[in-house]
Amino acid sequence: MTDRTPHADRPERPNRRFFSRTSWPEARFLADVLRTETVGGGLLLLGAVIALVWANSPWEPAYAALGAWVPWSGGAALHLDLSLAAWAADGLLAIFFFVVGLELKREFVAGELRDPRRAALPVVAAVGGMAAPALIYLAVNAGGDGLRGWAIPTATDIAFALAVLAVIGSHLPQGLRAFLLTLAVVDDLLAITIIAMFYTDDFSPLPLLAALAPIALFGLLVQRRKTWWWALIPLAVTAWTLMHASGVHATVAGVLLGFTVPVLRGKAGDSHGLAEHLEHRWRPISAGFAVPIFAFFAAGVSLRGADLGAIATDPIVIGVVAGLVLGKAVGIFGSTFLLARFTRAQLDEDITWADLLGVALLAGIGFTVSLLIGELAFGPGSAADDNVKAAVLTGSVIAALLAAVVLVRRNAAYRRIAEAERVDADHDGVPDVYQRGEG
């Protein structure tokens, strides 16, 4: 008797697996990125610790005076009479966001985000991981004066997170590391969009329109593979200056400049695309200098003589801490779980839901961008901004400790997986798991 079951003659499609390994070239690229970011995360932590110790020492006035020092008072016409701390937030972080722009372009053109099926997971998780913290913050601050800070707990600091992974000795499987990095890239895109849309004051359209000219010329040169530093750097500085004068946060210029750089190789002899080349060149500067210096100026909150009870009960503080610790975990884990159920996907055979919970908690480490949004929301040096700093530091530490508790329990399994991912029996330079269709 003929089987009348619909599509009975077709082979059953295998279920999609989340957190599976990427291709070997992508895995090798990600390993280089993660190595740099891990070192940068250590320097970031060092900068933050020095700032906290100095700000709570008898020499705190010297720390405050250093941050408030205006090195160039003649730039008032272009709003460039900035303090040293403001130069760190607006100037040095533009380098960080330039690297973010390069990352985003590469991910969309040649990375995980080019495939809609693979992109769905980090995009959905990132959206959930930003929506849940924002909603928790808004619920805590409903009807209060802190609503402007709703975006503070939405950011993930990948460098800080990787530094925590290095400290606890976790050898996360390659698929999970790729997910964490891609999640952070999408998170950064959403964060810079939020900054541009919701934290722009005193908007001036003419400087913004004028900024498009150096950005376009920068793009024209890099599209033609002209990497003349003496032309590109002045164009980038001009674009940054005009963007800053427009009232839009100047770091947006960094992202737009990164978007103009081509990803694909220009000719057969090129080993890497220009975006990857510039990323390799500028990422160490971003991770090893720009972000740690920003952390040094941004993290120095003084608690000497402060009313700790008032700080702990401040709705802004409660909203930020709850958003980072609870909101990130619920948003990322919950959205991923629902996506898996909706698409009938399964986890990779080496991954468990506990692993995802650990990564979701790790994403609650929101440092660099969270501190930046706090300054934009309440003004640097304000009482609310100082409370935001305390909340971001507290929430990030709690998230890191909880992630460590969850992930350390699986360290033995992670080490076995990492060893299997390094086996190269035929000595051809490519681990065997990437040649058996397991990547």
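Predicted model: local features only at pLDDT ≥ 70, side-chain atom pairs only at ≥ 80, totals over all residues.
Phenylalanine 19 sits in the loop that links β1 (17-18) to α1. With a relative accessibility of 6%, Phe19 counts as buried, because buried means under 20%. Its phi is near 65°, a positive value in a residue that is not glycine. In general, most residues other than glycine have a negative phi.

Arginine 225 is another non-glycine residue with a positive phi, about 60°. You'll find Arg225 in the loop between α7 and α8. Its relative accessible area is 32%, so Arg225 is partly exposed.

**The core**

Back to Phe19: which residues touch the most other members of the largest nonpolar core? Of the 122 residues in that core, they are Phe19, Phe179 and Phe367. Helix α6 gives the most to this core, with 13 residues. There is also a second, separate core of five residues, with Leu80, Leu82, Ala94 and Trp240 among them.

Setting aside residues up to four places away in sequence, Phe367 touches Leu44, Ala48, Asp157, Phe160, Ala295, Ala299, Val392, Leu393 and Ser396. Is Ser396 buried or exposed? Its relative accessibility is 1%, so it counts as buried.

At 1% relative accessibility, Leu180 counts as buried. Leu180 and Phe19 are 161 residues apart along the chain, yet their C-alpha atoms are separated by 9.8 Å. Leaving out neighbours within four places in sequence, Leu180 is in contact with Ile158, Leu162, Leu165, Val359 and Leu362.

**Two helix pairs**

Two packed helices are described by the angle between their axes and the distance between the axes. Here are two pairs side by side.

| Helix pair | Angle between axes | Distance between axes |
|---|---|---|
| α1 (residues 24-55) and α5 (residues 158-168) | about 95° | 7 Å |
| α6 (residues 174-198) and α13 (residues 353-362) | about 30° | 11 Å |

At that angle, α1 and α5 are roughly perpendicular to each other. On the α1 side, Leu34, Glu37, Thr38, Gly40, Gly41, Gly42, Leu44 and Leu45 make the contact, and they meet Ile158, Ala159, Phe160, Leu162, Ala163 and Ala166 in α5. By class, this contact has nine nonpolar, four polar and one charged residues.

Now for the other pair: α6 and α13 pack at about 30°. That makes α6 roughly parallel to α13. The crossing of α6 and α13 is right-handed. Leu176, Phe179 and Leu180 in α6 meet Asp355, Leu356, Val359 and Leu362 in α13. By class, the contact has six nonpolar residues, no polar ones and one charged one.

**A covered helix**

Finally, there's α9 (residues 251-259), which is mostly covered, with seven of its nine residues buried. Which residues of α9 are buried? They are Thr251, Val252, Ala253, Gly254, Val255, Leu257 and Gly258. What covers them includes α3 (84-109), α6, α7 (205-223) and α8 (229-246).

Notes:
Residues numbered from 1 in each chain as written. Heavy atoms only, no water. Axes fitted to C-alpha atoms, helices over the stretch in contact; angles between N-to-C directions. Helix = DSSP H or I, 4+ residues; strand = E, 2+ residues; numbered from the N terminus. Parallel < 35°, antiparallel > 145°, perpendicular 65-115°, else oblique. Contact = heavy atoms within 4.5 Å. Nonpolar A, V, L, I, M, F, W, Y, C, P; charged D, E, K, R; others polar. Left-handed = near helix turned anticlockwise from the far one by under 90°. Core = buried A, V, L, I, M, F, W, Y, C linked by side-chain atoms within 4.5 Å. Buried < 20%, exposed > 50% of the residue type's maximum accessible area, 1.4 Å probe, protein only.
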